[in-house]
Amino acid sequence: MGLDFDEGDELRDLRAAVADLASRYGHAWYLEQARTGGSVQALWDEAGAAGFLGVNLPEEHGGGGRGMVELSIVLEELGAAGCPLLMMVVSPAICGTVIARYGTPEQRDRWLPGIADGQLTMAFAITEPDAGSNSHAITTVARRDGDEWVLSGQKVWISGVDVADAVLVVAKLADAGTGTLRPALFVVPTDAPGLSRTVIPMELVSPDHQFQLFLDDVRLPADALVGSPEAGIAQLFAGLNPERVMGAAYSLGTARLALAKAADHARERRVWGTPIGAHQGISHPLAAAQVEVELARLMTLKAAWLIDTGQDAGSAANSAKYAAAEAVVHAVDAAVQTHGGSGLSQETGIGALITSSRFSRIAPVSREMILNFVAQHDLRLPRSY
Ligand SMILES: Cc1cc2nc3c(=O)[nH]c(=O)nc-3n(C[C@H](O)[C@H](O)[C@H](O)COP(=O)(O)OP(=O)(O)OC[C@H]3O[C@@H](n4cnc5c(N)ncnc54)[C@H](O)[C@@H]3O)c2cc1C
């Protein structure tokens, strides 16, 4: 059998159903939530009840039994309608994947049904103030004290802690045999004594917020450690590729929104007797961004398919994340220029996309760290850092 680029009726129906739900909310609603201190909870709840948030999780734990292809399509369509749900990158994609694959039966029963229907949200915390892109350098540690774990350290830029029931925290744990420190993942309830947070004021126009987290001798029960202590590295890798795919899907949705708004405007706006879209100075940047979006979308679906079929998705997921971030930055820039002054007005909402598109080049993994990966792994160049 050859390649088949047809998404098929099931995925088309999923796209249509998500687009239909999202159209009842839309970009104006999303911006209003962001600007008035509101939240996306209503959309989150509806998407969860419809089975969209947990479409990738196992059926026996309340999910849809599908994979990252479907989950990324959900986020892309929400973004294209102007109301992306950032916590989808984290809760079902990273945390859900890791717990489904590595959690104990009790952990799967405890967390997955709620993550799947959206009634529970789990944030993810790896980034630290002094480690940043170098996650090997994290200093949050976990030590054993009797039947309990004790976590101490700091995290930064952690999304959605205010709406989360728990945070999946990456901490270093001393190996029982060698004493060397290795990463391990812990589920930390957001109301755990010793865990505190401060919100980081951001220039993003978004209802989702980022936090600095302080773990000050947070005591956790033995079963807070996900799976076994030896599996930390494998768990992290299992979560990272879905995170990159979802980062790409987020970018693709925003890029489609920007291009749709820009094309509408370019067809209608006349200042020299013809629509401004007739000028190639306007149409070519939009067309070039459209090509980039389509290419990034192909790579995103390929990366998701590789994950879903149990294959190595590292290069594809990184490439998809890179391509989608570049596509959205170019799409939004062209959309702003197409709109002229109105591109920076609150009314069009285009200006709000500038920071959100630039964020795509930084998180969850920066453009430069992706290029480091591709140079080293795909081109077999020396490691540069
Ligand atoms: C809106 C937002 C939400 C986020 N949500 C979360 C979250 O929920 N959970 C979480 O754990 N983290 C989260 N992050 C953190 C995000 O993953 C980091 O910001 C990102 O990994 C970059 O780390 P840094 O900001 O410390 O930048 P730094 O590591 O300080 O990097 C700064 C610059 O230097 C470049 N650089 C660094 N090292 C190299 C190198 N070796 N070669 C070339 N260039 C290099 C980087 O590419 C970047 O351009 C979020 C960030 C943002 C902005």
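Predicted model: local features only at pLDDT ≥ 70, side-chain atom pairs only at ≥ 80, totals over all residues.
The protein is split into domain 1 (8-121), domain 2 (124-229) and domain 3 (233-378), and a ligand shell draws at least three residues from each of domain 2 and domain 3.

**Helix H2**

- H2 covers residues 26-35, and its buried residues are His-27, Tyr-30, Leu-31, Gln-33 and Ala-34.
- Why do these residues sit on the same side of H2? They span an arc of only 155° around the axis, so they end up on the same side of the helix.
- As background, an α-helix has 3.6 residues a turn, so residues three or four places apart point the same way.
- What do the buried residues of H2 pack against? Their partners are helix H7 (232-268) and helix H10 (352-360).
- After H2 comes Gly-37, which has a positive phi, near 75°.

**Around the ligand**

- The shell around the ligand has 22 residues, and the ones that come nearest are Gly-132, Ser-133, Ser-366, Glu-368 and Tyr-385.
- Which helix and strands each give at least two residues to the shell? They are strand E1 (122-125), strand E3 (148-159) and helix H11 (367-378).

**Where domain 2 meets domain 3**

- The C-alpha centres of domain 2 and domain 3 are 30 Å apart.
- In the contact between them, 11 residues of domain 2 touch 9 residues of domain 3.
- On the domain 2 side, strand E5 (residues 181-189) provides the largest share, with 3 residues.
- That side of domain 2 is made up of 6 nonpolar, 3 polar and 2 charged residues.

**A look at Gln-210**

- Gln-210 belongs to strand E7, which runs over residues 210-221.
- Is Gln-210 buried or exposed? Gln-210 counts as buried because it has 21 C-beta neighbours inside 10 Å, and the cut-off for buried is 20 or more.
- Setting aside neighbours within four places in sequence, Gln-210 is in contact with Trp-157, Ile-158, Ser-159, Ile-200 and Met-202.
- Thr-97 lies 113 residues from Gln-210 along the chain, and the C-alpha atoms of the two are 22 Å apart.

Technical notes:
Residues numbered from 1 in each chain as written. Near = placed C-beta within 6 Å. Helix = DSSP H or I, 4+ residues; strand = E, 2+ residues; numbered from the N terminus. Domains from an automatic or database assignment. Contact = placed C-beta atoms within 7 Å. Nonpolar A, V, L, I, M, F, W, Y, C, P; charged D, E, K, R; others polar. Buried ≥ 20, exposed ≤ 12 C-beta atoms within 10 Å, placed from the backbone. Arc of directions from axis to C-beta.
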